Every structure is written in structure tokens, then in C-alpha cells.
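This report describes one protein chain from its computed geometry. The sequence and the coordinates are shown first.

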Amino acid sequence: MPVTDEAVEMRAALLRLRRTTGLPVAFGGLLHDTRQLRIAELNGAATSALRGLAICRGNGLGGRSMALSRPCAVADYPAARHISHEYDAAVAAEGLHSMVAVPVVVRRKVRGVLYGALRHPLVLGDRVLDAAVAAARDVEQALAVRDEVQRLLAEARPPVGEHRPGAWESVREAHGALRALAPRIADPALRGELLDACGRLATAAGPDASRVVGGVSLAPREVDVLSCVAAGATNAAAAERLGLRPETVKAYLRSAMRKLGAHSRGEAVAAARRNGLLP
């Protein structure tokens with residue numbers, strides 16, 4: 001079975017959780033409906049007792065974390081009185097006692113839960129809880145970016161059989177939004193995935209049929225600046241959108257124009273489109 005992008009993100013987050021908290025066991029999963037998740041990823045587990053366990057909202061420590069949308073912890077899971085105990089058999093089989101559960105929340109919706117655990121009773125301190133929350137934030141960012149990419153691509157794609165006059169402008173707007181989003185992504189793999197999507201949009205067949213894809217090579221930031229210029233942004237607006245200084249934007253634009261053999265902003269955008277650098 002192929003490994004999904006979500007599974008890769010969860011595995012990386014669980015590894016980080018173990019390394020930063022010192023907890024020997026980490027596990028978790030994402031929700032595939034509004035009330036239930038399945039434990040899909042284990043790290044440091046001695047058995048497979050937890051794998052595939054269905055966690056319902058409100059039940060157990062993870063279910064409580066889902067219901068409250070906040071981290072929850074117990075010093076000794078089997079003896080904890082403020083949680084229900086539907087999953088005691090699986091927890092006992094793995095030999096877990098002290099445990100923390102942290103929800104993965106994207107746009108106020110719980111999308112998953114990360115757990116960290118010890119095999120002996122112990123009150124977990126703030127340092128451990130903060131590190132577990134930071135691991136969950138990594139997953140939240142990745143999910144939020146993928147949601148935004150899917151939304152922008154969906155907006156740019158006209159319905160089957162429909163040819164809207166402004167459809168290609170939507171593609172261009174989506175491309176510009178994705179290019180502006182990419183530099184803010186800390187994860188190199190996720191940033192690369194986002195830029196790949198930008199590349200597919202840029203080289204798609206558009207209204208200009210006379211394309212010479214690959215004729216000119218621009219630096220990534222030069223393409224970012226041209227994307228903003230193509231959307232009608234001034235240097236100041238492009239700088240604000242990209243997190244750059246206006247003078248830096250001007251320098252990138254000047255460099256791109258030289259490479260493209262253009263004498264104006266409009267000529268640069270047109271040349272970039274002919275070379276498959278912009279949609």
C-alpha cells in the first residue's frame with residue numbers, strides 16, 4: 001500500500017515528539033470523519049496492540065483531547081479517574097502509564113491526535129507538554145498548507161465541459177498565491193511539493209499557444225516577483241506579500257527582465273509566460 005503524505009507527516013511528528021520530550025513511546029492518527037480516528041502510526045511501541053485502535057470523541061485520553069480541543073495528560077492511565085477506560089486492554093498490553101494526548105487542530109477543527117507515553121507513572125512537566133504541542137503544530141502546518149493548495153487548485157480548475165472566459169485568470173491567481181505561500185513553509189519537502197504544483201500550473205497549456213518551455217531559467221525569487229507583477233502588484237505590494245524589501249523586489253525584477261530580454265514589466269510577464277515560467 002502506498003504511503004500517503006499525511007502518513008509521512010505523522011511519522012515525522014512522532015519522531016520529533018520522542019526526541020524532544022524523551023518519552024519512549026509515541027503514536028497517533030488523523031480523523032477521517034468528525035467523531036473518530038484510528039491509531040495508524042506507532043513509534044517506539046513494543047507491541048501492535050494500539051495499531052488500528054478506533055478512538056471515539058470523548059472516550060479515553062485521546063477522545064477527551066479531541067472533545068476539548070486541547071492537550072490532556074494523566075500521570076497513571078489505568079488509575080486516572082477523569083477519563084473513561086474503553087481502551088484499557090490495549091494500553092495495558094503496551095504497558096503504558098503516564099501519557100499525554102495533543103490534538104492536531106486546523107482552522108478550529110480537530111484533525112488528529114498525537115500521543116506520548118511512559119511505561120511507569122509520572123507527572124509530566126510543562127517542558128514535555130510544550131514539546132508535544134510543538135510536534136502537533138508541525139502536522140497542523142502541513143495539513144493547512146495542503147488544504148490551501150487543494151482549495152486554490154480547485155478554484156483554478158473549471159468544471160468538466162465548462163470553458164469560462166475568466167478561467168485562465170483564476171489559474172494565474174492560484175499560481176501567484178501558491179508562489180507567495182511557498183517561502184513561508186519551513187519543511188523543505190513540503191515546500192518542494194508546493195513548488196512542484198506551481199510548476200504544473202505554469203507549464204499547463206494556456207491561452208498563449210506559442211510557448212518555448214525551458215528557454216530561459218529564472219531564480220525562484222525572480223519568478224515569485226514576476227507572479228506578483230503579473231497580478232498587477234506594485235513593487236511595494238509585492239514586497240509586503242513576499243516578505244521582502246521593496247529595493248530587493250526591484251533588484252529581482254531588474255534581473256528577471258535582463259534574463260528575459262524585456263524592457264518593461266509587461267514585456268517581462270509576457271516573456272515569462274512564453275517560456276513556461278508563469279501560467
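How many aromatic pairs does a search of the whole structure find? The search finds one aromatic pair; rings of Phe, Tyr and Trp (its six-membered ring) pair if their centres lie within 6.5 Å, and planes under 30 degrees apart count as stacked, over 60 as edge-to-face and the rest as tilted. The ring centres of Phe 27 and Tyr 115 are 4.4 Å apart and their planes lie at 15 degrees, so this pair is stacked. Phe 27 belongs to strand β1 (residues 25-30) and Tyr 115 to strand β7 (residues 109-117), so the pair ties together parts that are 88 residues apart in sequence.

## Basis of the model

This is a predicted model, in which local features need pLDDT of at least 70 and side-chain atom pairs count only at pLDDT 80 or more, while totals for chains, interfaces and linings use all residues. Residues are numbered from 1 along each chain as its sequence is written, and side-chain values use heavy atoms, with hydrogens and water left out.

## Overall composition

The chain has ten helices and seven strands. Helices (H or I, at least four residues) and strands (E, at least two) are DSSP runs, numbered from the N terminus. Of the 279 residues in the chain, 45% are buried; buried means under 20% relative accessible area, exposed over 50%, and partly exposed in between (1.4 Å probe, protein chains only).

Among contacts with a separation of 6 or more, 59% are made by residues 24 or more positions apart. Contact means heavy atoms within 4.5 Å.

## Nonpolar cores

The largest nonpolar core has 26 residues, and Phe 27, Ile 39 and Met 99 have the most contacts inside it. Such a core is a set of buried Ala, Val, Leu, Ile, Met, Phe, Trp, Tyr and Cys residues joined through side-chain atoms within 4.5 Å. The elements giving two or more residues to this core are β1, α2 (60-68), β5 (72-74), α3 (88-94), β6 (99-106) and β7. The most comes from β7, with four residues. Apart from this core lies another, of 24 residues, among them Leu 242, Ala 256, Val 269 and Ala 272.

A search of the whole structure finds one cavity of 30 Å³ or more. On a 1 Å grid over the protein atoms alone, a cavity is a set of points where a 1.4 Å probe fits but cannot get out, and lining residues have an atom within 4 Å of a point. Grid points are joined across faces, edges and corners, and a volume is the space filled by probe spheres set on the points.

The largest cavity has a volume of about 90 Å³. Its lining has 14 residues, of which Ile 55, Tyr 77, Tyr 87, Val 91 and Tyr 115 lie nearest the centre. The most is given to this lining by α2, with three residues.

The buried residues include Arg 221, Glu 222 and Asp 224. Gly 232, which follows α7, has a positive phi, near 90 degrees.

Glu 9 is found in helix α1 (residues 5-21) and is buried, with a relative accessible area of 11%. Leaving aside neighbours within four places in sequence, Glu 9 is in contact with Val 139, Ala 142, Arg 146 and Asp 187.

## Loops and cysteines

Ser 69, in the loop between α2 and β5, has a phi of about 55 degrees and is partly exposed at 38% relative accessibility. Arg 107, in the loop between β6 and β7, has a phi of about 50 degrees and is exposed at 55%.

The search for disulfides, each a pair of cysteine sulfur atoms within 2.5 Å, finds zero. Cys 56 is partly exposed, with a relative accessible area of 29%, whereas Cys 198 is buried, at 1%.

Terms used. On a 1 Å grid over the protein atoms alone, a cavity is a set of points where a 1.4 Å probe fits but cannot get out, and a pocket is an open set with protein on both sides within 12 Å along at least five of seven lines; lining residues have an atom within 4 Å of a point.
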